[in-house]
Amino acid sequence: MSKFELRKWQIEDVEDVAHYANNERIAANLRNVFPYPYTLEDAEAYVGSCAENSEERQICRAIVAEGHAVGSIGIFCGSDVYEKSGELGYWLAEDYWGQGMMTEAVKQICREAFEKFDIVRIYAEPFAHNTGSRRVLEKAGFSLEGIMRKGVCKKGKIYDYCMYALLID
């Protein structure tokens with residue numbers, strides 16, 4: 001596994017994010033809010049919002065390897081009847097895929113979220129065809145709770161997505 005650290009976002013991370021996030025293969029497996037092409041302006045807006053985050057109901061971290069912000073990971077607490085749940089989201093530069101880095105990052109941020117927030121469940125919703133992300137979640141201890149058939153629309157195509165969850169011990 002490549003060495004990495006999770007740390008709070010810094011404005012200096014903007015250029016790294018603009019570089020590494022500008023990848024059609026990353027965007028293809030994320031929600032439409034993650035654009036492709038990914039511009040410097042997109043990176044400025046994203047990093048700025050993460051750097052200014054008060055962390056009252058969410059944790060956003062840069063995944064830093066070899067001195068560069070090469071990915072992002074966050075947990076976002078729900079509200080109303082979902083107040084005891086947090087949603088996990090992440091992406092990683094393609095050069096670092098398949099090295100175990102994201103699995104360890106998921107474990108780390110989940111531990112932090114369970115300690116910091118009054119939640120009992122963390123969930124993630126990868127597209128069913130995203131076997132890499134599904135493997136990450138399974139290796140990090142998440143359980144597949146179900147497949148939501150024809151549950152998402154990406155670029156005009158309908159796909160299944162999965163519901164994975166990790167429950168507090």
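In what follows, a residue is called buried when its relative accessible area is under 20%. The model is a predicted one.

Begin by selecting helix α5, residues 131–139, where the buried residues are S133, R134, V136 and L137. If you look down the axis of α5, these buried residues fall within an arc of 155 degrees, so they line one face of the helix. An α-helix has 3.6 residues a turn, so residues three or four places apart point the same way.

Next, colour the strands of the open sheet, seven in number, whose order is β1-β2-β3-β4-β5-β7-β6 and whose pairing is mixed. At the edges stand β1 (5–7) and β6, each of which has a single partner strand, so one side of each is left without a neighbour in the sheet. With direction ignored, neighbouring strands of this sheet are turned against each other by 30 degrees on average.

Now zoom in on β3, residues 68–77, which runs antiparallel to β4 and is joined to that strand by seven bridges; within this pair, I73 stands opposite Y90 in β4. Helix α1, residues 14–21, lies across β3 and β4, and runs at about 90 degrees to β3. Finally, select α4, which packs on the sheet, touching β1, β2 (58–65), β3, β4, β5 and β7, and whose direction makes about 150 degrees with that of β2.

Key: Residues are numbered from 1 along each chain as its sequence is written. This is a predicted model: local features need pLDDT of at least 70, side-chain atom pairs count only at pLDDT 80 or more; totals for chains, interfaces and linings use all residues. Side-chain values use heavy atoms; hydrogens and water are left out. Buried means under 20% relative accessible area, exposed over 50%, partly exposed in between (1.4 Å probe, protein chains only). Helices (H or I, at least four residues) and strands (E, at least two) are DSSP runs, numbered from the N terminus. The arc is that of the directions from the helix axis to the C-beta atoms. Two strands pair if DSSP finds at least two bridges between them. Axes are lines fitted to C-alpha atoms, for helices over the stretch in contact, and angles run from 0 to 180 degrees between N-to-C directions. Contact means heavy atoms within 4.5 Å.
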